[in-house]
Amino acid sequence: MKQNHRGFTLVELLVVMAILGICAALATISLSAVSSARAQKCATAIDAMLSEAKVAALSKDGNSYLALYEKDGKIYAALHAGGSVEEESVGGQGVTVTYAAGGVTYSLGGAGAPLYLAFNRETGALRSLREAAALVSAAAAAAAPEGELTAITAKKGASCVIKVASATGYHGIGG
């Protein structure tokens with residue numbers, strides 16, 4: 001009598017498990033790359049808005065400033081210059097932004113106040129955070145942290161840092 005052994009051999013099970021393990025590793029790497037790309041995109045957009053704010057400060061009459069804030073889980077940048085406001089979403093869902101000033105790291109969003117940034121018209125230097133907030137209101141100036149901005153960090157999985165040299169107004173991603 002012929003016996004029919006149905007089932008999988010040990011080798012077949014090991015091959016399937018190895019393939020599933022490889023697929024899981026590739027999916028993890030892919031998700032990490034997507035998250036890193038979102039942080040990079042956010043940092044690039046903030047850096048571009050900083051450049052626009054500097055150009056506006058050096059070329060337009062009146063005070064101009066950049067406001068970074070969180071609304072509905074997204075990060076926004078609003079450039080106030082020459083009586084107009086240019087608002088742009090710079091970071092999608094899940095991207096967090098922090099900034100360093102005076103040796104302390106602050107979080108943007110939630111209960112945190114907006115980050116106000118302004119450049120000096122004569123020198124191009126970045127104003128202190130309180131000076132920039134004073135362009136908005138006395139209450140904003142009182143809530144602003146003391147010190148000079150040194151870095152802005154966008155994070156979703158990986159971090160992307162915008163280094164800032166307040167004395168010269170230089171800013172750039174990673175350096």
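Trainee: In β2, which residue is the bridge partner of L66?
Mentor: The partner of L66 in β2 is L79. Please bear in mind that this is a predicted model.

Trainee: How many bridges join β1 to β2, and in which sense do they run?
Mentor: The two strands run antiparallel and are joined by seven bridges. Strand β1 covers residues 65-71, and strand β2 covers residues 74-81.

Trainee: What lies between β1 and β2?
Mentor: They form a hairpin, with two residues between the strands. In that turn, D72 has a positive phi of about 55°.

Trainee: Which other strand pairs with β1?
Mentor: Strand β6, residues 115-117, pairs with β1 over three bridges, in the antiparallel sense. Within that pairing, A67 has Y116 in β6 as its bridge partner.

Trainee: Is β1 mostly covered or exposed?
Mentor: Strand β1 is mostly covered, as five of its seven residues are buried. For the chain of 175 residues, buried residues make up 35%.

Trainee: Turning to the open sheet, what is its strand order?
Mentor: The open sheet has five strands in the order β5-β4-β7-β8-β9, and the pairing is antiparallel. Strands β5 (104-108) and β9 (170-173) stand at the edges with a single partner strand each, so one side of each has no neighbour in the sheet. On average, neighbouring strands of this sheet are turned by 20° against each other, direction ignored.

Trainee: And how do strands of a sheet pair in general?
Mentor: They pair through backbone hydrogen bonds, in either a parallel or an antiparallel manner.

Trainee: How many bridges are there between β4 and β5?
Mentor: Strand β4, residues 96-101, pairs with β5 over five bridges in the antiparallel sense. One example of a bridge here is A100 with T105 in β5.

Trainee: Now the helices: where is I19?
Mentor: I19 is in helix α1, which spans residues 10-59. Its relative accessibility is 47%, so I19 counts as partly exposed.

Trainee: Which residues form a nonpolar patch with I19?
Mentor: V11 and V15 form the surface patch with I19, and together the three have about 270 Å² of accessible area.

Trainee: How many helices and strands does the chain have?
Mentor: The chain has three helices and nine strands. Along the sequence, the pattern reads α-β-β-β-β-β-β-α-α-β-β-β.

Trainee: Last topic: what is the radius of gyration of the chain?
Mentor: The chain has 24 Å, whereas a compact globule of 175 residues would have a value near 16 Å. Along the principal axes, the C-alpha atoms fill a box of roughly 100 × 30 × 30 Å.

Notes: Residues numbered from 1 in each chain as written. Predicted model: local features only at pLDDT ≥ 70, side-chain atom pairs only at ≥ 80, totals over all residues. Heavy atoms only, no water. Patch = residues over 30% accessible without salt bridge, like charges linked within 9 Å, V, L, I, M, F, W, Y side chains within 5 Å. Areas by Shrake-Rupley, 256 points an atom, 1.4 Å probe, with all protein chains shown as cover. Salt bridge = Lys/Arg side-chain N within 4 Å of Asp/Glu carboxyl O. Helix = DSSP H or I, 4+ residues; strand = E, 2+ residues; numbered from the N terminus. Buried < 20%, exposed > 50% of the residue type's maximum accessible area, 1.4 Å probe, protein only. Pairing = 2+ DSSP bridges. Axes fitted to C-alpha atoms, helices over the stretch in contact; angles between N-to-C directions. Rg over C-alpha atoms; globule rule 2.2 N^0.38 Å.
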